[in-house]
Amino acid sequence: MVMVGKTTERIVATVLMYLAVVVVMAATLFPLVWMFITSFKKETDVLTFPPTFVFEPTFDNFIYAFTKSKPPLSLALTNSLIIGACTVALVVPISALAAYSFARFNVGGGHLQFYILTVKMFPAIAAIIPYFIIFRELGLLDHVLSLIILNTLFNLPFAIWLLFGFFREIPQDLEESAMIEGCSKFGAFRDIVLPLIAPGLAVTAIFSTIFTWNEFLFAFILSRARAVTAPVAVAGFWTQRGILWGPLSAAATICIVPMFIFALLIQRYIVRGLTFGAVK
Amino acid sequence: MKIDKEKYMPWIMASPALAIVFSLTLYPLFYSLYVSTRSFELTALWKDAFIGIENYRRALNSDLFFWSSLLKTILYALGCLSLEMPLGLGVAFLLNRAIKGRRVVRTILALPMVAAPVAVGLTWRYMYHHEFGVFNYFVRLLGITPPGWLTNLNFAMISVIIFDVWQWTPFVALVLLAGLQSLSPEPYESATIYGASMWQKFRYITLPSIRSLMTIVALLRLIDLLKLYDAVYALTRGGPGIATEVLTWYLYKIGFKFWWLGYASAIALMFQYLVIILSVITIEKMAKL
Amino acid sequence: MARVRLENVTKRFGDVVAVNNLSYEVGDGEFLCMLGPSGAGKTTTMRMIAGVERPDEGNIYIGDVPVNDVPPKERDVAMMFQSYALYSHKTVYKNLAFPLEKHKVSKDEVDRRVKEVAEILGISHLLDRLPKQLSGGEKQRVALGRTMVRKPEAYLLDEPLTNLDAKLRAHMRAELKKLREELKTTIIYATPDQLEAMSMADRIAVMNFGKLLQCDTSGAIYNHPKNLFVAGFIGSPAMNFIDCTFVEKEDKAFLDAGEFLYDITELKNLIKDRYTSPELILGIRPEHISISKKPLTEDSIEAEIYVIEPSRPDVIVSISVGTKALEALAPETFRGDIGEKVWITFDRSRVYVFDKKTENAII
């Protein structure tokens, strides 16, 4: 029998390759899956060795997380929603206007943009010290408003850069034509450009939502009991008595899963988003 | 007035953003500078006095903890980078060949990044648990005695690094994948005709093309690694002892546990400017792309 | 309907001077064509008239009103972009309606005008479609329609036919001409195609590198080009240019082209008065060169056939005189072989002389 060596080689290589992909996917998913199933385990299944892979699922952890947690998970989730919604509502329009002015009119000749981008690069822990002192003076500690302000501030640079890239992709003829036909600069922006850039706005909104929702450090330091957010509440399961793994997993699941849905929506734009629009 | 509005419209459009950014960054910056020159402690307000650059001098000259935390930060960053870059590149290559299910793959790879680090970090803490953790289960199956992932002085840092590698290698992979996919196939085709091996193609065609992209990714990661906080909080809280006390953690400790806010401000400012310098370099490289 | 006037308009982009001291005037109801190759500054000029670019120097007047500082929406011009600039998220109807809506026209009036324009351009059946569903020719007509909807003081058309295929282009050329007859408005038209310019415009402004080279009727430009570039750009196949030197021998004067001498004694003084140096260029259009098997006059020059291109209805014959190559137009009945010796004769009344240095025409 004639061995067509090359073909078998190729088949083996292909199989190995797909196998490797599967391994990578599995490694990526494993911790998340583990967290997910742990949240459905009874305490006895959680605190055992060897760890259980087959078990009887229960909602106990979720119930505990919502009823007995301190700070209350429901409050945290509500706060996260409020802060997220307000931040996005502020960030998207403000960044769209600013990004447009940079993209089309080169306001500030690039220097302003530069300064704004460096803001994003501030290490949170370093930046927060003056804010802590100032908000304390203003009595805004443990208040949702202070978190909205800070999140807006730190999401703006990213949003502006992302939208800047989107705006630059639109050819200028359309706006010029609109202006000749009777639009003001703002009118052209509103009537012609914004509809064309709707996907970009959506992507920006989603990214801002993800960043704000996951934001831990500011929320942790600036809140005590009333302005806690979801990540802070999850961390709250690490109590003095020890870590309550079951409810913690449940809370973590609730905290993380919504973001997965968003990830699915923006997976096409992730690279672009996280490299500030530099890589498409 | 109507004409004026039209002419200044660009500035009017940028003004909300500029107002927010400038008012919220400049004032705190100057305030921070001011506080850093004082011996300000929140729990000992009577100590507040002007001391000039004393805080800075103390940090740079006599604070061993500061330097050790800086060292740990650098070690941590280098450790992560040295793993994330090659792994990311490898995964990118892998995915570049395997075309099917790209959407699914991209979504899955995106998941670690969109999960709140604190939340996932605590899950990893559970997995690292010496008794109930699933990692030890597998390791013991292989017949090896598991290390104290988070309790061993030497291993703790490695465990944190592993976590970061898990969370951010996908990012590196996705960015490099995008870069690889933008390369044209022609140089490869002619190289194949000339009989070049896989390794040769990689070294002489691929690497040079994505070099600038790799630099940018490395810089972006570096900046994020320097700012690491959430993972340390979730996994080790700086421990055991100060084995994983990176600069951000040290800053947190002296600022919000000891409440030495004056001293902390000084360190914070120095840190901030280090990061900004790196950022400037990164931005310039990104602009050139 | 008003005039458009440009006075010494200059526009720079960095180091590049896109428009250089341009001045011309377009009369009421006149069709002026800006003709020139890519980069000549036609589009930039148009954009300055529309108000989307500001001139660095000079003034622009629309209807005798200086408009340098007036924003585009208040200038009452309509511009058709080379790329059509159709609003991709709006239907054809909404695209056409847009300019009217922006000028606060009543809904009924908008409807009436849109339908009217659509009728004229033959796109009434497309009113509900989106731009991406249209063919190239259809998009072009929608873009044109959008300019017509408002009846402005002046129309600016930037290379409207360039993106169409040859057949459609010829068709649209005829349509535009007809449209122009009906509308009787002031039109400024930009194109690199001299055929379009020659067939449609009242006057042509020939431009290159941002400078206006000549602004005249098509006849004047064809017959009396002021400049080497204009002469070479207009007319297809292009004018022949031969380097030569002005020499005087006894009473006679010749243009010495190396391989031959051309007697121009009767123009001797005229040339001497006007040239800056004896270095000159002789120009003659292919259609003004006769080819024959025997010398026709004493000016006939001996030449050799290089290539014959049957280009109906004529035949383009490339001939060589020593090292110089010329093109001549011969009637369809011409027969010849490559390498065959023939005689060419220039139509004396159509010989042009250009100063080599200044590139200006002397005759």
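Is C:Ala201 buried or exposed, and what is its relative accessible area? C:Ala201 is buried, at a relative accessible area of 10%, where buried stands for under 20%, exposed for over 50% and partly exposed for what lies in between, with a 1.4 Å probe and protein chains only.

Before going on, a word on the model: it is predicted, so that local features need pLDDT of at least 70 and side-chain atom pairs count only at pLDDT 80 or more, while totals for chains, interfaces and linings use all residues. Residues are numbered from 1 along each chain as its sequence is written, chains are lettered from A and ligands numbered from 1 in the order written, and side-chain values use heavy atoms, with hydrogens and water left out.

Coming back to C:Ala201, leaving aside neighbours within four places in sequence, this residue is in contact (heavy atoms within 4.5 Å) with C:Phe31, C:Cys33 and C:Glu196. The C-alpha atoms of C:Ala201 and C:Lys139, which are 62 residues apart along the chain, are separated by 24 Å.

Let me turn to chains A and B. Here 94 residues of chain B are in contact with 92 residues of chain A, and the two chains bury about 8,600 Å² between them, 83% of it on carbon and sulfur atoms, buried area being the accessible area (1.4 Å probe) that two parts lose on being put together, summed over both. B:Met13, B:Val114 and B:Tyr126 supply 9% of the area that chain B buries against chain A, more than any other three residues. Between these chains the count of salt bridges (a side-chain nitrogen of Lys or Arg within 4 Å of a carboxyl oxygen of Asp or Glu) is 0.
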